[in-house]
Amino acid sequence: MTKLPLSWFESTDVVEIARALLGKIILTEFDGIRTSGRISETEAYAGESDRASHCYGGRRTARTEIMYGPGGFAYVYLCYGIHHLFNVVTNKAEMPQVVLIRAIEPVEGIAIIRERLGKGEHIPVHKLAGGPGLVTKALGIRTAHTGLPLTEHISIWDDGYKPHEIVVGPRIGIDYAKEDKDLPYRFLYNMK
């Protein structure tokens, strides 16, 4: 496996990065506990011109400041006051684009992941973390991890896996984004 360098995330095409992240492995290591999962679903958010983006129209807040930095860093925000959602910052500095990691198939630390999620052995591994809130819970990622470079406690690796039959469609839960809600910025593949 090869760890993706920070420069990998500085591509200017966030949609292509969202697609290219499918099949890559997210590895977390907090307090000596390692967990990992293969990315199976992503969504691209194209910055200031994208009505679904937290930076639409040049909105710049303390929370979104990390999005204006260079690619290769974690942006984790709290959704509905409950779910921590993990995003990968992409592009060059001052170009606030991110990829939301929507689903993973756990690879390493499966017993820990089951414990974190409160899911027993009767749930198939590929169905454990099918949703962005479940991804962060499974991997132990919290909003406090915003700003971490994706080379240390949270890292993304390429083991050569290439998913077959990638499905492309509109993003989920962004009806407020008007015509941008229908952009084909969501990518996934069937794990089983």
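Two rings of Phe, Tyr or Trp (for Trp, the six-membered ring) form an aromatic pair if their centres lie within 6.5 Å; a pair is stacked if the planes are under 30 degrees apart, edge-to-face if they are over 60 degrees apart, and tilted otherwise. By this rule, the structure has 3 aromatic pairs. One of them joins Tyr-161 and Tyr-189, and the pair is tilted because the ring centres are 6.0 Å apart and the planes stand at 40°. This pair links distant parts of the chain, 28 residues apart: Tyr-161 belongs to the loop between strand E8 (154-158) and strand E9 (167-169), and Tyr-189 to the segment after strand E10 (186-188).

The model is predicted; local features need pLDDT of at least 70 and side-chain atom pairs count only at pLDDT 80 or more, while totals for chains, interfaces and linings use all residues. Residues are numbered from 1 along each chain as its sequence is written, and side-chain values use heavy atoms, with hydrogens and water left out. Helices (H or I, at least four residues) and strands (E, at least two) are DSSP runs numbered from the N terminus.

Accessibility is described by relative accessible area: buried is under 20%, exposed is over 50%, and partly exposed is in between (1.4 Å probe, protein chains only).

| Residue | Relative accessibility | Class |
|---|---|---|
| Tyr-161 | 32% | partly exposed |
| Tyr-189 | 5% | buried |
| His-153 | 40% | partly exposed |
| Thr-35 | 0% | buried |

Thr-35 lies in strand E3 (residues 33-45). A polar contact is a pair of N or O atoms within 3.5 Å; within protein, one must be able to donate a hydrogen and the other to accept it, and residues adjacent in sequence count only if both atoms are side-chain atoms. The side chain of Thr-35 makes such a contact with the side chain of Thr-28, at 2.6 Å, and another with the side chain of Arg-116, at 3.3 Å.

His-153 is found in the loop between helix H3 (132-139) and E8. Leaving aside residues up to four places away in sequence, His-153 touches Leu-27, Thr-28, Glu-29, Phe-30 and Leu-148, where contact means heavy atoms within 4.5 Å.

Charges also meet rings in this model. A charge sits over a ring if NZ of Lys or CZ of Arg is within 6 Å of the ring centre and within 35 degrees of the ring normal. The charged end of Arg-60 is placed over the ring of Tyr-68, 4.0 Å from its centre, and Arg-171 lies over the face of Tyr-45, 4.7 Å from the ring centre.
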